[in-house]
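Let's walk through this model together, one region at a time. Keep the viewer open as you read.

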Amino acid sequence: MYSKAKIAGHPIHPMLVAYPIAFYTATFVCFIVYGANDDPFWFRVAYTANIAGVVMAALAALPGFIDWATGIPNGTKAKKTGLIHMGFNVFSLAVFAINAFIQQGKWNDQQPDSSAAVWLTGLGMLCTIAAGFYGWTLVQKHHVGVDDAAQ
């Protein structure tokens with residue numbers, strides 16, 4: 001089972017997934033830091049990272065969906081695992097997008113309220129971690145995206 005979306009023989013989806021994970025993590029951490037010190041700089045960093053995470057997650061989702069739809073045979077455990085992986089990622093993307101929408105008008109506030117942001121990004125992080133577990137299961141257990149002939 002090989003990735004169908006590739007650049008120079010390398011699967012695109014694994015190249016891109018680190019970006020939304022890093023941006024989502026930065027969003028969560030910066031909202032917590034903002035909540036601890038009330039410095040609006042951290043709110044703005046969190047909001048910016050949130051937007052970047054949503055954009056990069058959407059970009060990473062495209063080759064991931066192509067790989068799932070065309071690279072994994074129907075009726076296999078890998079196909080089901082991939083669907084669960086996709087579900088957690090889509091839910092996480094939706095949560096971070098909703099959070100970005102909620103926070104968008106607060107950029108210039110002196111002390112923007114971020115309590116909902118902490119809870120939403122925390123939920124998004126838990127879903128991202130679960131998605132990562134299933135993504136790694138695809139690689140480790142089902143060898144999706146692994147070129148076994150290269151060994």
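How much space lies in the largest pocket? About 770 Å³. Before going further, please note that this is a predicted model, in which local features need pLDDT of at least 70 and side-chain atom pairs count only at pLDDT 80 or more, while totals for chains, interfaces and linings use all residues. Residues are numbered from 1 along each chain as its sequence is written, and side-chain values use heavy atoms, with hydrogens and water left out.

A pocket here is found on a 1 Å grid over the protein atoms alone, as an open set of points where a 1.4 Å probe fits, with protein on both sides within 12 Å along at least five of seven lines; lining residues have an atom within 4 Å of a point. The volume is the space filled by probe spheres set on the points, which are joined across faces, edges and corners. Of the 36 residues lining the largest pocket, H13, V17, H85, N89 and G135 are the closest to its centre. The elements giving two or more residues to this lining are α1, α2, α3, α4 and α5, and α5 gives the most, with 9 residues. Helices are DSSP runs of H or I with at least four residues, strands are runs of E with at least two, and both are numbered from the N terminus. By class, the lining has 23 nonpolar, 12 polar and 1 charged residues. In that count, Ala, Val, Leu, Ile, Met, Phe, Trp, Tyr, Cys and Pro are nonpolar, Asp, Glu, Lys and Arg are charged, and the others, Gly among them, are polar.

Now turn to helix α2, residues 18–37. Its 20 residues reach 28 Å from the first C-alpha to the last, close to the expected 28 Å, a span defined as 1.5 Å times one less than the number of residues. P20, Y24, T27, C30, F31 and Y34 of α2 are buried; buried means under 20% relative accessible area, exposed over 50%, and partly exposed in between, with a 1.4 Å probe and protein chains only. Seen down the axis of α2, these buried residues fall within an arc of 135 degrees, so they line one face of the helix. The arc is taken over the directions from the helix axis to the C-beta atoms. An α-helix has 3.6 residues a turn, so residues three or four places apart point the same way. The cover over the buried residues of α2 includes α1, α3, α4 and α5.

V54, in helix α3, counts as buried at 18% relative accessibility. Leaving aside neighbours within four places in sequence, V54 is in contact (heavy atoms within 4.5 Å) with Y24, L93, F96 and A97. S114, in the loop between α4 and α5, counts as buried at 7%. With residues up to four places away in sequence not counted, S114 touches F31, Y34 and F43.

Finally, look at the backbone. Most residues other than glycine have a negative phi. A8 sits in the loop between β1 and β2 and counts as exposed at 75%.
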